[in-house]
Amino acid sequence: EKITISVIKADIGGWPGHSRVHPQLVETAEEVLSKAVEEGTIIDFYVATCGDDLQLIMTHKKGVDSPEVHGLAWKAFEEATKVAKELGLYGAGQDLLKDAFSGNVRGMGPGVAEMEITLRKSEPVVTFHMDKTEPGAFNLPIFRMFADPFNTAGLVIDPKMHMGFRFEVWDILEHKRVILNSPEELYDLLALIGAKSRYVIKRVYPKPGHPIPENEPVAVVSTEKLYEVAGEYVGKDDPVAIVRAQSGLPALGEVLEPFAFPHLVSGWMRGSHNGPIMPVPMHQANPTRFDGPPRVVALGWQISPEGKLVGPVDLFDDPAFDYTRQKALEITEYMRRHGPFEPHRLPLEEMEYTTLPGVLKRLTDRFEPIE
Ligand code: 13P
Ligand code: 13P
Ligand code: MG
Ligand code: MG
Ligand code: MG
Ligand code: MG
């Protein structure tokens, strides 16, 4: 029998500004999800936070895109939004962009990563939670986990991994997808996903012959773009991901290793700046400097045979990532010195969905032809 892991998240109010989630919102979501466990809708849950984003991690047997599970998440967000409004939190209900729930939270504001899997004898899983950035921020680390032999030793030395993996890449502008094989089509894959604001890794699958069935994902990323739903800037998407580990997949340390490099991602202040992503434990995921720098939290789980979430283990709560954090701070300082100049500020095409066009419009009439 299959188990579904669903991570559904939303920003429903920051405390203060866009920095963190108020504990009462976590408590409210916990109450709603506890009741759902009693009623049998879900098997288990954990409510996490990353910056100002509330993260519902749930296991159940209802498959992906279940109206019941999505409805439950929507209800938890709505109840917590009431509390956020009472407390006057900043941007209360920020990511709930539609008034009435209609069967699925996709396209309504929240971010979703879900996978339905046949549990292995032991099922180690990592959920990743980012704040102050966009889905493309996962391209580099997911690529390195499943395709880069300099990151993942198993690709070279484990016969179960040596054949590589399949990548499902979405063109989020044209709403199309393509499956590319690694390592055969490695350079094609990189040609796309290097352009991370447009092409995003949605899922990774094993290849035929792998012990895991080829239609079951081994990694999945939330790819919702808020500006597409809202038609204007309402904060960054702040994506999540689920990654399975070990036994023919990247080992836990190979899953975490890409985050030892604080690569540049877009987001940060007003969703309009490039900056390094800093791996932190959950209690340090409260971005403050220029509303950043962007953060990533990794929670480690074993899924029990009944589908219970055994965890979380706060995986970046490790001095082994101190060097990365220090490096991220150096890059933060370096990037900040550019002030409003590119490439700290995002290029114009990506500023289209911010408040900048409103400023530029006021200058339109002042322009005159050059002789
Ligand atoms: P497994 O094949 O048991 O996942 O071994 C890999 C490992 O744990 C090495 O660190
Ligand atoms: P969030 O997407 O985390 O709410 O951030 C919005 C923002 O504008 C930060 O400066
Ligand atoms: Mg916010
Ligand atoms: Mg956020
Ligand atoms: Mg956001
Ligand atoms: Mg082992």
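The exercises below start with the whole chain and then turn to the ligands.

This is a predicted model, in which local features need pLDDT of at least 70 and side-chain atom pairs count only at pLDDT 80 or more, while totals for chains, interfaces and linings use all residues. Residues are numbered from 1 along each chain as its sequence is written, chains are lettered from A and ligands numbered from 1 in the order in which they are written, and side-chain values use heavy atoms, leaving out hydrogens and water.

**Exercise 1. Find out how the radius of gyration of the chain agrees with that of a compact globule.**

Step 1: The rule for a globule is 2.2 Å times the number of residues to the power 0.38, and the radius is taken over C-alpha atoms.

**Exercise 2. Which residues are the protein donors of the magnesium ion (ligand 4)?**

Step 1: Search for donors, which are N, O and S atoms within 2.8 Å of the metal (3.2 Å for Na, K and Ca); water is not among the atoms, so sites may look incomplete.
Step 2: You will find Asp 52, Asp 53, Asp 131 and Asp 238, each through OD, at 2.1 to 2.3 Å.
Step 3: Along the sequence, their spacing reads D-D-x77-D-x106-D.
Step 4: Asp 52 also coordinates the magnesium ion (ligand 3), 4.5 Å from the magnesium ion (ligand 4).
Step 5: Check burial: Asp 52 counts as buried because its relative accessibility is 2%, and Asp 238 is buried at 3%.

**Exercise 3. What are the protein donors of the magnesium ion (ligand 5)?**

Step 1: Lys 236 gives its O and Asp 238 its OD, at 2.1 to 2.2 Å.
Step 2: Both Lys 236 and Asp 238 are buried.
Step 3: The magnesium ion (ligand 5) lies 5.0 Å from the magnesium ion (ligand 3).

**Exercise 4. Which residues surround ligand 1?**

Step 1: Gln 246, Ser 247 and Ala 251 surround ligand 1 (a residue is near a molecule if one of its heavy atoms lies within 4 Å of it).
Step 2: An oxygen atom of ligand 1 is 2.4 Å from an N or O atom in the side chain of Gln 246.
Step 3: From a polar backbone atom of Ser 247, an oxygen atom of ligand 1 is 2.7 Å away.

Technical notes: Polar contact = N/O pair within 3.5 Å; in protein donor to acceptor, adjacent residues only side chain to side chain. Buried < 20%, exposed > 50% of the residue type's maximum accessible area, 1.4 Å probe, protein only.
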